[in-house]
Amino acid sequence: MKITIVGTGYVGLVTGACLADVGMQITCIDVNQDKINGLKQGIIPIYEPGLETIVIRNSQAGRLHFSTQLSAHLDGADAVFIAVGTPPGEDGSADLQYVQAVAKEIGQYMQNYLVVVTKSTVPVGTSNLIQKTIQEELNHRNLDIAFDVASNPEFLKEGAAIEDFMKPDRVVIGVESERAKKTLEKIYKPFQLNGYRIIYMDIKSAELTKYAANAMLATRISFMNDMANLCELVGADINDVRAGLGSDPRIGKKFLYAGVGYGGSCFPKDVKALIQTGNELGHELKILKAVEEVNDAQKEVLSDKIINFFPDKNHKTIAIWGLSFKPNTDDMREAPSIIIIKELLEAGFKVKVFDPVAMPEAQKLIQNVEWCHSAFDAANQAHAIALVTEWNEFRFPDWEKVKEIMQNPVIFDGRNIYERELMESKGFTYFGIGR
């Protein structure tokens, strides 16, 4: 099959690389010429484990191509996937200008039947906008070319996107014509060989499923953070509470970890967009508003602990371990570390930072800190360490060495990855979340 994918971010590039890896002819389109030139040379614009290998392999095999010209790669294509960004507007609603621009160009240049598949996360009803935009352009050309619009939301986790695509727990497809359904069946047939489930539904339900899934996961995180703060007040341990909750099969263990709040490209944006959709329809999503409020407050919990611990902030140095919003990615969008560092700097602390991967991205967003070459470099002469992102290399450091090089052996564990008893046995003062 021949497929064109517009957008080379996490979703578009992973989708293109994985579809090429099962033998399809894929062209990935992006308006950024520098990004396309880099991809042609095997330079990956994002950090995602395993992505570089699969991109280079399929490029060399002649199955994966890159271009800035969508118009040149519509003729003969079976489907076009729209995987461009939908950033939040000032009111929190998804900005659809890039989606609409792609739809307009498709209508201007398509020559044969296409299935136009929305892979971007878009509000309910966006497929109607795409349909209308394409049809208007065809009318201007006085052409009667059949096409279908479908919704195929992504459920990729940054840091595990390749595995999620190749071994999905489900594939959600919104279609309203048999012809479009058959095209998407062919595209996803290689992934059904292992029994992975495809769930077909109407387009609006598919569009809403993506938002609902992210909103539910965000809700679980904020619920646990709310419980963690209550645990500290009553003297309970959130880790024990989590074990008790997670053992209930009706609840399950995933996304029940307390911490410094959620960030990234999906949860904050999608929660805001869903709240705004409700507002536009006169339906207040009260639970999601509370989820957002809890998360905003949670991003300040760790910095508040540090500020309250040190009555004299002057000449005190805090080492930040981890900057990205989660491990195995360089994504700094809505990262809690940004708020934590801002609060510490405003309080008068000196801040040293280290992240294994996200430093280049972080430098675009964070100023007035000391950028370090390792976790030990950051801890050197620090009065406390704040663990913000749970990268594997932070889990079992040489604590004897860390204690020796610090001014003051204090750990503020923003992800509850350390055991209090162990840290105290090694001479550290320990603070977790909800413990």
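## Pockets, cores and selected residues

By class, the residues that line the second largest pocket comprise 21 nonpolar, eleven polar and 15 charged, where Ala, Val, Leu, Ile, Met, Phe, Trp, Tyr, Cys and Pro are counted as nonpolar, Asp, Glu, Lys and Arg as charged, and the others, Gly among them, as polar. The structure is a predicted model, in which local features need pLDDT of at least 70 and side-chain atom pairs count only at pLDDT 80 or more, while totals for chains, interfaces and linings use all residues. Residues are numbered from 1 along each chain as its sequence is written, and side-chain values use heavy atoms, with hydrogens and water left out.

The second largest pocket holds about 1300 Å³ of space, and its lining consists of 47 residues, with Gly9, Val84, Gly85, Thr86 and Arg333 lying nearest its centre. Here a pocket is an open set of points on a 1 Å grid over the protein atoms alone, with protein on both sides within 12 Å along at least five of seven lines, whereas a cavity is a set of points where a 1.4 Å probe fits but cannot get out; lining residues have an atom within 4 Å of a point. Grid points are joined across faces, edges and corners, and a volume is the space filled by probe spheres set on the points. Helices α1 (10–21), α4 (97–109) and α10 (267–280) each supply at least two residues of this pocket's lining, and the largest share, four residues, comes from α4. Helices (H or I, at least four residues) and strands (E, at least two) are DSSP runs, numbered from the N terminus.

One cavity of 30 Å³ or more is found in the structure, and the largest cavity contains about 50 Å³ of space. Its lining is formed by Thr118, Ser120, Thr121, Val122, Ser151, Asn152, Pro153, Glu207, Lys210 and Tyr211, which divide into three nonpolar, five polar and two charged residues. Helix α8 (residues 203–234) provides the largest share of that lining, three residues. Threonine 118, one of the lining residues, belongs to strand β5 (residues 114–118). Not counting residues up to four places away in sequence, threonine 118 touches Ile82, Ser127, Ile130, Val149, Ala150, Ser151, Asn152 and Pro153, a contact being heavy atoms within 4.5 Å.

The largest nonpolar core has 57 residues, of which Ile318, Ile320, Trp321, Leu323, Leu344 and Tyr418 touch the most other members. A second, separate core of 42 residues includes Leu39, Ile46, Val117 and Leu184. Such a core is a set of buried Ala, Val, Leu, Ile, Met, Phe, Trp, Tyr and Cys residues joined through side-chain atoms within 4.5 Å. Beyond four places in sequence, tyrosine 418 touches Trp321, Leu387, Phe394, Arg395, Trp399, Ile411, Asp413, Met423, Tyr430 and Arg435.

Isoleucine 340 is found in helix α13 (residues 336–347) and, with residues up to four places away left out, touches Val260, Lys299, Leu302, Ser303, Ile320 and Val388. The C-alpha atoms of isoleucine 340 and aspartate 78 are separated by 47 Å, the two residues being 262 apart along the chain. Leucine 70 lies in the loop between β3 (64–67) and β4 (79–82), and its contacts, again without residues up to four places away, are Thr4, Val6, Ile29, Val102, Glu105 and Ile106.

The table gives relative accessible areas, with buried meaning under 20%, exposed over 50% and partly exposed in between (1.4 Å probe, protein chains only).

| Residue | Relative accessible area | Class |
|---|---|---|
| Leucine 70 | 3% | buried |
| Threonine 118 | 1% | buried |
| Isoleucine 340 | 0% | buried |
| Cysteine 28 | 0% | buried |
| Cysteine 372 | 2% | buried |
| Glutamine 381 | 41% | partly exposed |
| Asparagine 416 | 11% | buried |

A search of the whole structure finds zero disulfides, a disulfide being a pair of cysteine sulfur atoms within 2.5 Å. For cysteine 28, which is in no disulfide, the nearest cysteine sulfur is that of cysteine 18, 11 Å away.

Most residues other than glycine have a negative phi. Glutamine 381, in the loop between α15 (375–379) and β12 (384–387), has a positive phi near 70°. Asparagine 416, in the loop between β13 (410–413) and α17 (420–425), also has a positive value, near 55°.
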